[in-house]
Amino acid sequence: MILVPAIVVALPPLLAAFLAIVLYNDPKPIKYIALGASLISLVLTLYLFVYSQNTYQSFNWFSISGYSFGLSTSTAPLNAMLLLLVSIVTPVVFLYSIGYMQLPSEQGRFYSEMCIFAAAMMLFAISASLLTMFIAWELLGITSYLLIGFYYRKNEPPNAARKAITTIIIGDIAMLAAIILILNAYHSLEYSVILSSPQSAQLSLAMALMLIAIFTKSAQFPFHEWLSDAMEGPTPVSSFLHSSTMVKAGVFLVIVLLPLFQESGLSNVILAVGLISALIGAGNALTERHVKKVLAYSTIEDLGLMLVALGLGSLFAAIMLFIVQTFYKAALFFSAGIIIKANDGREDLYNLYNSAYNKFIFALIAISALSIAAFPPFGGFFAKSAIEDSAMPNLAIYAVLMLIGLATSIYIFRWLILPARHNRAETGNEGFISFYVIPKSMRAPMVIMVVLIIASSAVYLYLPGYLSGIAAPAQVNAVDAAISTIVSSIGIAAAYFIYRKNRRVYLSSTHRYIYAALHNSTITNSAYVAITAVVTYVAEAVAKFDYEFDKAVYSTASYFVAIGKAGRSMVNGQVNTYVLAFVLGIAIIAIAFLV
Amino acid sequence: MIPIIGAMLLILIIGLVATIALDERHSRAIATAASLVVLVIVISVLFNSLLTGNIVHSEQYAYYLPSLNVAFEMQFTPISFALLLMASIVSLAAIYAGNIEKESPKASSALLLLFEFAAIGLFTSANFLLFFIFWDIGVVVLFFMIYLFGSAGRKRAAIKFLIYEILASSLLLLGILMIYFYTPLHSFDLSYIALNFHLVSQGVQSLIFLILFFAFLINMPVFPVHLWLPDAHTEASTQGSMALSGILTKFGGYGMLLLFATIPIASSFSYYVAILAIISAFYAAFVLMRQHDIKRVVAYTTIVEMSIILIGIASLDSFGTYGAAYGMLAHGFAVAMLFLAAGSVGHLFADRDIREVKGVITTSLSTAYTFLIGTFATTGVPLTAAFIGDILIFSGAQSAFGNIGLLPLGALLITGAFMYFVINKSFLSAKDSSKNVNYIGLSQKVGFGILMLAIIIFGILPFMILKLFT
C-alpha cells in the first residue's frame, strides 16, 4: 500500500477552515464542507489505522547553527488511538452542529474556528515530538478561547473566555519553559529520545512545569474553574472541546510521557491532584444547577480519575476510561443541547421539563447516564472498575473512589430526572411537541454516540491486545465489580427518591454548610480574584513609581532651566555689568600672575 | 554585480522628490509605489539568496571622507537583511494604510519615505559613520512625524522624544569616535573593528561598551530610559507609531547586536545586562497592567518585547543572537499590526480608552481580528513569527544564564493575560453605549492583510530567513 504521511489527516479540516473564511459572507455550504472534510479525515485515519500503524515520520522545519528543528509525527498505538477517537467524534459533532447552529450569520466564524480546532487536535494526536505537540497545544488553547467567547454579544461569554485564556496562557508559558529546558538538556525534542534516557539534571523541573501546563489544559485543581465557565460556548463546542477532546490533551501527554513523570518523582503529585480534582468535580456537580455546568464538573471528575489511575501507575485503566469517556461525555452534551433547545434556551436544571415525553430520546440519554454512573454492562463500568481495582492496595484511596462513584451516580441521575418532570405551569402541549421537533441532524449524533457507548464495552476485550507491550492489562475482579455496581445502584436509587416528581430539593437552603463544602466553586473563584488583586496591587505600585519617575526626570530638567535663568542675568545687555565682569576678570588674571 | 542597495536608496530619493514636487492628490500613491518597488527588490534578493545560499553582498561608491578613510560603503549581512526586509514591509504598510486620519498626505508620505531611506541605509551601513548618519536622519524624521501629525499633546511628547534621542545620538557619536581613535588603524569599518578590537585595552573597551550600550538602551528602549516611548506613542499619529515601534526601536536593537558582536569585553557585562533586561520586562509588564489607552498598552508591550530581545542578545549564544534578530523581525510586524488596529479603533470611535470602547468586532471585524492576531504574535503563539524568535531567544538565554534566563517568560505571561483582557473588554464584546463615528477604508484592510500575511509567512516558513544565518 502507499505510505501516506500521517499529517495529511489534518489537511481536510484546515482546508475547510480556509474555505469557511473565504465564504464568510455566504455561509450556506460551509456546514456541508466541514462535515465532508471531517469525513475525509475519518477515511484517511482508518486507512492509516489499518495500513500504516506504527509509522514514524519527520520533516525538517528549520535548522539553525547545525541544529534542526523537526516536525515529527507518529502512528504508534497510543497516537493512533487518540487520532481515531478525534476523527470519529469530529464528523458527529459537525453533524450535530448543522442542527444546532442555525443562524447563518454565525456559521462562518463557528466552522472556521471549529475546523482549525479539529486540525490542531488531529495534529496533537499524531505528534511525536514536543515541538509538533506544542504547535497543536497552543492552537487548541486559542481556538478554545475563541469558541468560548463565541456569543460575544452576551455579557458572560467574554468573561468566561478571558478566564479560560488566562488559565491556559499560564500553562502555555510553563510548557514553553519546559520545552526549552528539555531542548537544552537533551538537544532534541523527540519523545523517543527523551524517553530513552530519562535521567537529566533539569528533567524534574521541566516535568513539573509541564505538569502545570497539563493541569491547566485538563482543568485540574487548582486551575479547574475555567471549564465550568467555558460552558458559555455553544453546546457543540462543549461536547467537542470541553469534554471529549481538548481537555484530554493534558491527560494524553501524561499517558505518553508517564515514565518521565515517574522518574521525576511526580507520581504522587499526579495522584493527589487527580483525587482532589475528582472530589471537587463530584461535589460541585451534585450542587450545580446549570445543565451544562453539571457535566463540566463531571468532566473535571473524569479527568481527575484518569490522573488517579496514572498516578497509581495503571496505564491500562487510564486509557480505558480515556476511550469510553469520549463517547458518553459527548452523548451527554448532545442530550444537554437537545434539552436546552426543547426548552427555549433555558439552562437551569430546575426550569427544564418534559424530556421524558420523547421515549426514544430519553432512553438514549438514560443509557449515557448509566454509562457514566459505572453501571454494567456499559463501557464506563469496566473503566471505572479497573481504576478502583488499581487503588485496591490502598484502602483510603479506594474508599474515596467509592465515594466519588456514589456521588457520580447521584448527580447524573439528578441531572437526568429533573428535566424529565412534567411542567405543571404548562397548559397546552408545547412541551410535549418540543421534544419531537428536534432536527434529525441533532438526533442522529445521539444515536451514533449511544451505539458507540454500547460498543465501547468491547474495548475492554480488545484493548489488552492492542496495548500489548505498552500497558499491562488490568483484570476487573468480581468482588470489586459487585461492590461498584451496588454503590452505583444505591446512588441511582437515592437520586430517584430525592428528586422524583416535583419535589424541589435545594441543598442550599436546607443544609447550608454541606452545600458550601460541596459547592466550592465560589471559594475557588474568590481565590482567583484574590491572586489577581495581589498582582494588580503590585502593578499599581510599579505604575505609580513609573509616573513619579517620569516626573522626577522632568524636574531634573527644571534645574537646568533654573541654571540657565541664573546665567541669563550675566548677559543682560547692560554695559556696566560687562565692564564689571571685564575688570573682575583682569583682576583675577593679574592676581594669578602675581601669586 | 548589480548595485542593489544604491538602487533602493536612489528609488526612495526619487520617490521622495516626486512626492514633494507633484500634487497632494498623488503623493500617497507615489510614495506607495516607491516603497513597493523597494520591497520587490528586497524580496527578489531574498529569493536569489535562497537559491544561491549566500546573502553577503557589499557595494562601495566613493571615499566619503578621504581624510578619515571612510568610504560610502553598504553591505548585506544575514541579520541586517532580516531587519531590512521587516523595515521595507512595515514601511509599505505604514505608507499605504497608516494614514487613517487622512492628515496632509504629502508631508506624511514624504517623511515616511525619508524614514524608510534612513532605515534601509542604517541596516546596510558597512561602517559606523554611515550608521550614525542614517540613525540621526531617522530620529529627526520621526521627531517631525510626531511634532506635526499627532494629537493635542504632540509637541511636548515630540520634544521629550527628541531630548532622549539626542542624548542617545551624542553618546553614539562619542562611542563611535572613541572606537575610531582606539582601533589600531583608525577605522569606522564594522568588519575591521570586529576583527581587531581585542587589541584595545580592557579599560577602554569597557568605557566604549558602556557609552554605546546606553545609547542603544535609550533607543530600544529598556527600563530605566524608556520614558519617552509611551508618551511619543500616545501622541503620535498611527503612521508615526508604526514607524516608531516597528522600525526605530530596531535601530537600537540592531546596534546592540553589533555592539555585542564587535566588542569582546561585552561578554563580561552580559550577566548584568540580562538582569537589567529581566527587571525591565517585569517593570513594563506591570506598568502595562494599569494603562487604559490601547496605544499606551501596546507601547509597553514594545518595552517587554525589546527587553526579551535584549536578553537574547546578551546571551552571546548563536541561538540567542539569531533569535533576537528573528524576534525583532517578528516584533516589527506584530507591533505595526497592533498600532494600525489601535489607530483604527481611535478613528472608529474617536476614543481609545478600554473602559469606553466596546464591541470593536461589531463595528469592524477586520480591526478586531487584526488586534487579536497581533496579540497572538506578541505572546509568541506558534505559526506566528514571534514563536521562532521566542524559542530561540529563551533557549539561548537558558544556556547562557541558567534558569534565570527563563524568567522573562513570566513578564510575557502578564503581558499576554492583560492583552486578552483588553481584547475581551473592548474588541470581542457587546457594543453598548459606545458609538462609532467613522469607518475604516479598504486601504486599512489591505494594510492589515500585508502585515498579517508577513507574520504568518515568516511563522510558517522561518527557514527562508534562518537559512541565511547559517
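Helix 14 of chain A passes helix 18 of chain A in a left-handed crossing, where left-handed says that the near helix is turned anticlockwise from the far one by less than a right angle, and right-handed that it is turned clockwise. The helices here are DSSP runs of H or I with at least four residues, strands are E runs of at least two, and both are numbered from the N terminus. This is a predicted model, in which local features need pLDDT of at least 70 and side-chain atom pairs count only at pLDDT 80 or more, while totals for chains, interfaces and linings use all residues. Residues are numbered from 1 along each chain as its sequence is written, with chains lettered from A and ligands numbered from 1 in the order in which they are written.

**Chain A overall**
- Chain A holds 26 helices and 2 strands, and its C-alpha trace spans about 120 × 65 × 55 Å along the principal axes.
- Count the chain A contacts with a separation of 6 or more, and 80% of them come from residues 24 or more positions apart; a contact needs C-beta atoms, placed from the backbone, within 7 Å.

**Helix pairs in chain A**
- Two packed helices are described by the angle between their axes and the distance between the axes.
- For helix 14 (residues 291-311) and helix 18 (residues 395-417) of chain A, the axes come within 11 Å and cross at roughly 160 degrees; axes are lines fitted to C-alpha atoms, for helices over the stretch in contact, and angles run from 0 to 180 degrees between N-to-C directions.
- That angle is why helix 14 of chain A counts as roughly antiparallel to helix 18 of chain A; the label goes to angles over 145 degrees, with roughly parallel under 35, roughly perpendicular from 65 to 115, and oblique for the rest.
- On the helix 14 side, Val294(A), Ser298(A) and Glu301(A) meet Ile404(A), Thr408(A), Tyr411(A), Ile412(A) and Trp415(A) of helix 18 of chain A.
- Sorted by class, this contact of helix 14 with helix 18 of chain A has 5 nonpolar, 2 polar and 1 charged residues, where Ala, Val, Leu, Ile, Met, Phe, Trp, Tyr, Cys and Pro are nonpolar, Asp, Glu, Lys and Arg are charged, and the others, Gly among them, are polar.
- Helix 3 (residues 77-100) and helix 20 (residues 440-455) of chain A have axes that come within 7 Å and cross at roughly 155 degrees, which makes helix 3 of chain A roughly antiparallel to helix 20 of chain A.
- The crossing of helix 3 and helix 20 of chain A is left-handed, and its contact residues include Tyr96(A) and Gly99(A) from helix 3 of chain A, and Pro445(A) and Ile448(A) from helix 20 of chain A.
- By class, the contact of helix 3 with helix 20 of chain A has 10 nonpolar, 2 polar and no charged residues.

**Where the chains meet**
- 38 residues of chain B touch 37 residues of chain A.
- Helix 17 of chain B gives the most to the chain B side, with 8 residues.
- That side of chain B is made up of 28 nonpolar, 9 polar and 1 charged residues.

- Most residues other than glycine have a negative phi, and most peptide bonds are trans.
- The bond from Pro376(A) to Pro377(A) is cis, with omega near 10 degrees, and Pro377(A) sits in the loop between helix 16 (359-372) and helix 17 (379-390) of chain A.
- Met220(B) and Pro221(B) are also joined by a cis peptide bond, with omega about -15 degrees.
- Ser65(A) is not a glycine but has a positive phi of about 50 degrees; it lies in the loop between strand 1 (56-64) and strand 2 (67-74) of chain A.

**A covered helix in chain B**
- Helix 9 of chain B has 8 of its 8 residues buried, among them Trp228(B), Asp231(B) and Glu235(B).
- The cover over those buried residues includes helix 5 (128-148), helix 6 (154-182), helix 10 (238-262) and helix 12 (294-314) of chain B.

Notes: Contact = placed C-beta atoms within 7 Å. Buried ≥ 20, exposed ≤ 12 C-beta atoms within 10 Å, placed from the backbone.
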